[in-house]
Amino acid sequence: FLTKEEAKNYKEKLEVEAILRKYSYKFNNEEWKDDCISKIYIAYDWNNVSIEIDYYLTWKMQGTIYFKNEDDANRAILKIGINRLTKYLKEN
């Protein structure tokens, strides 16, 4: 890193991702093919300036952390905090 600020921001990113992964779920290939199983994810809605919980059935976005249900996604949001998560989502 060129600055301490860059290192600090990267550390924060890793901490947020660790919490997201703690509550996440790794769907297997068969589950991805099943269009009856919702794959929940957390996103930043730029139009409404808010964090949203949404889902896909069979579409997988590279790098996205998925959850088995909304309760797990909400637990992650509460653990991270709205401000920290908003910053993370807006930067990624």
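The following is a dialogue about how terms are applied to this predicted model.

Modeller: Residues are numbered from 1 along each chain as its sequence is written, and side-chain values use heavy atoms, with hydrogens and water left out. The model is predicted, so local features need pLDDT of at least 70 and side-chain atom pairs count only at pLDDT 80 or more, while totals for chains, interfaces and linings use all residues.

Biologist: What makes up the fold, from the N terminus on?

Modeller: The protein has four helices and three strands, in the order α-α-β-β-β-α-α. Helices (H or I, at least four residues) and strands (E, at least two) are DSSP runs, numbered from the N terminus. The C-alpha trace spans about 45 × 30 × 20 Å along its principal axes. Of contacts (heavy atoms within 4.5 Å) between residues at least 6 apart in sequence, 60% join residues at least 24 apart.

Biologist: Why is I51 called buried?

Modeller: Buried means under 20% relative accessible area, exposed over 50%, and partly exposed in between (1.4 Å probe, protein chains only). I51 has 19% relative accessibility, so I51 counts as buried. Buried residues make up 29% of the 92 residues in the protein.

Biologist: Where is I51, and what does I51 touch?

Modeller: I51 is in strand 2. Leaving out residues up to four places away in sequence, I51 touches I42, A43, Y44, I77, I82, L85, T86 and L89.

Biologist: What makes a set of residues a nonpolar core?

Modeller: A nonpolar core is a set of buried Ala, Val, Leu, Ile, Met, Phe, Trp, Tyr and Cys residues joined through side-chain atoms within 4.5 Å. The largest such core here has 17 residues, and L20, I42, I51, F67, L85 and L89 touch the most other members. Helix 1 (4–23), strand 1 (39–45), helix 3 (70–80) and helix 4 (82–91) each give two or more residues to this core. In soluble globular proteins, nonpolar side chains tend to be buried together.

Biologist: Why is the pair of W32 and Y66 called edge-to-face?

Modeller: Rings of Phe, Tyr and Trp (its six-membered ring) pair if their centres lie within 6.5 Å; planes under 30 degrees apart count as stacked, over 60 as edge-to-face and the rest as tilted. The structure has seven aromatic pairs. For W32 and Y66 the ring centres are 5.0 Å apart and the planes are at 80°, so the pair is edge-to-face. W32 lies in helix 2 (residues 29–33) and Y66 in strand 3 (residues 66–67), so the pair ties together parts that are 34 residues apart in sequence. Both W32 and Y66 are buried.

Biologist: How do you know whether Y41 and Y56 are stacked or edge-to-face?

Modeller: Their rings are 5.2 Å centre to centre with 15° between the planes, and the pair is stacked. This pair links distant parts of the chain, with Y41 in strand 1 and Y56 in strand 2 (residues 50–56), 15 residues apart. Y41 has 8% relative accessibility and therefore counts as buried, whereas Y56, with a relative accessible area of 24%, is partly exposed. Y25, F27, W32, Y41, Y56 and Y66 form one aromatic cluster.

Biologist: What makes a space a pocket and not a cavity?

Modeller: The search uses a 1 Å grid over the protein atoms alone. A cavity is a set of points where a 1.4 Å probe fits but cannot get out, whereas a pocket is an open set with protein on both sides within 12 Å along at least five of seven lines; lining residues have an atom within 4 Å of a point. Grid points are joined across faces, edges and corners, and a volume is the space filled by probe spheres set on the points.

Biologist: What is the volume of the largest pocket, and which residues are closest to its centre?

Modeller: The volume is about 270 Å³. Of the 16 lining residues, I42, G63, T64, Y88 and L89 are the closest to the centre. Helix 1, strand 1 and helix 4 each give two or more residues to the lining, and strand 1 gives the most, with four.

Biologist: How does the lining of the largest pocket divide by class?

Modeller: Ala, Val, Leu, Ile, Met, Phe, Trp, Tyr, Cys and Pro count as nonpolar, Asp, Glu, Lys and Arg as charged, and the others, Gly among them, as polar. That lining has eleven nonpolar, three polar and two charged residues. The second largest pocket holds about 180 Å³, and its lining has six nonpolar, three polar and three charged residues.

Biologist: Why is V49 called exposed?

Modeller: V49 has 59% relative accessibility, so V49 counts as exposed. V49 is in the loop between strand 1 and strand 2 and has a positive phi of about 50° although V49 is not a glycine. Most residues other than glycine have a negative phi.
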